[in-house]
Amino acid sequence: MISIATSFLAIFRQFYPPAPPAFTEKDVKPGSQVGRVFIITGANSGIGLELVQVLYPTGATIYLAGRSPSKIQATIARVTSDSPPTETPAKLKSLYLDLSDLTTIKRATSQFAAQETRLDILWNNAGNGYCPGSTTKQGLEASVGTNCVAPLLFTQELVPLLQAAAKTAPRNTVRIVWTGSVQIDVNAPHGGIDYERIKKPTTVTLEEYGASKAGNWFLAVEGAKRWGKYGIISVCENPGNLYTGIYATQSWLYMLFLRTFVLYKARYGAYTMLFAGFSPEINEGNNGAYIWPWGNIQPIARPDVLQAASEGKATKFWEWCEESWKQYV
């Protein structure tokens, strides 16, 4: 059993990592990803944009997935024009995906599959803060609906292309990266998920967000169990407390406090994502791992959430997500 003091220290170290990022651009060399294909959801701003900028010199084909084609095209133009000259620029492509509307998911994966025969890394990065009581277009609680249900459907539809990549890629290099948060430890309900709250959206926004992030870890753990046999790595990372658009609905006074005492620049979060996608420390032996900022493999700090996963609650949540989309796709 983890003591209260140990849990507090774990949370503190996620808020304030003791060392700067060690895994950075220097570890993913220019030209090193030619022939590989990536998808980054939520890539037109925040840490998704930062990750695209970091990966631009590597020569990969990178799909920027999001719900605003015009913003994605503007981002592609910005990255292309602002990046230093490189002999191996990435091929940046747009992919329309609205995670708040389940009816768009299969269209997005079909569009991708019509252009590619493989997928090497999927970063399920997109996420947002929602006003209290918000729902998706299908009536699901907004945080869990857009952060868990839709991304799982999106990922499942892409698994055949991940399997295809794993047949020829170096071992442990085909990966799915889910996005967690310290809010799992701070605000998630007991056991990570409270199904009654999800069914009837409430007004406690941070608790719903914390539940969705616990759900992302559950999906990473269950994904590792289901897809590890195909050579696919599935992990969840807490990118860190970062200044991004997810705080767009917060008051200026609250943001002044956060930017002064809590939040780091978005590039640091991209380094956590980079570690999750490329670090050789991640392999089939720790498939399903959780990653603290800025690239530190550690467990979830909440004993009740860890216990829930060990008791099959991750499987239950996976199946609940599948039931949630059945009538819409």
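A residue is called buried when its relative accessible area is under 20%, exposed when that area is over 50%, and partly exposed in between, with a 1.4 Å probe and protein chains only. Helices are DSSP runs of H or I with at least four residues, strands are runs of E with at least two, and both are numbered from the N terminus. The model is predicted, with local features requiring pLDDT of at least 70 and side-chain atom pairs counted only at pLDDT 80 or more, while totals for chains, interfaces and linings use all residues. Residues are numbered from 1 along each chain as its sequence is written, and side-chain values use heavy atoms, with hydrogens and water left out.

Helix α11, which spans residues 303-310, has Asp-304, Val-305, Ala-308 and Ala-309 as its buried residues. Because these residues cover an arc of only 140° around the axis, they lie on the same side of α11, the arc being that of the directions from the helix axis to the C-beta atoms. Their cover includes α6 (183-187), α8 (205-227) and α12, where contact means heavy atoms within 4.5 Å. Just after α11, Gly-312 adopts a positive phi of about 95°.

The loop between α6 and α7 (195-199) holds His-190, which counts as exposed because its relative accessibility is 69%. Leaving aside residues up to four places away in sequence, His-190 touches Arg-302 and Asp-304. Between His-190 and Ala-211 there are 21 residues of separation in sequence, and their C-alpha atoms are 9.2 Å apart.

Helix α12 (residues 313-325) also packs against α5 (residues 142-166), at an angle of about 85° and with the axes 10 Å apart. This angle makes α5 roughly perpendicular to α12, a term that covers 65 to 115 degrees, whereas angles under 35 count as roughly parallel, those over 145 as roughly antiparallel and the rest as oblique. Among the residues making the contact are Cys-148 and Leu-152 of α5 and Trp-318 and Cys-321 of α12. The residues of this contact divide into 10 nonpolar, two polar and one charged; Ala, Val, Leu, Ile, Met, Phe, Trp, Tyr, Cys and Pro count as nonpolar, Asp, Glu, Lys and Arg as charged, and the others, Gly among them, as polar.

How many disulfides does a search of the whole structure find? The search finds zero, a disulfide being a pair of cysteine sulfur atoms within 2.5 Å. For Cys-321, the nearest cysteine sulfur is that of Cys-148, 5.8 Å away, and Cys-321 counts as buried because its relative accessibility is 0%.

Key: Axes are lines fitted to C-alpha atoms, for helices over the stretch in contact, and angles run from 0 to 180 degrees between N-to-C directions.
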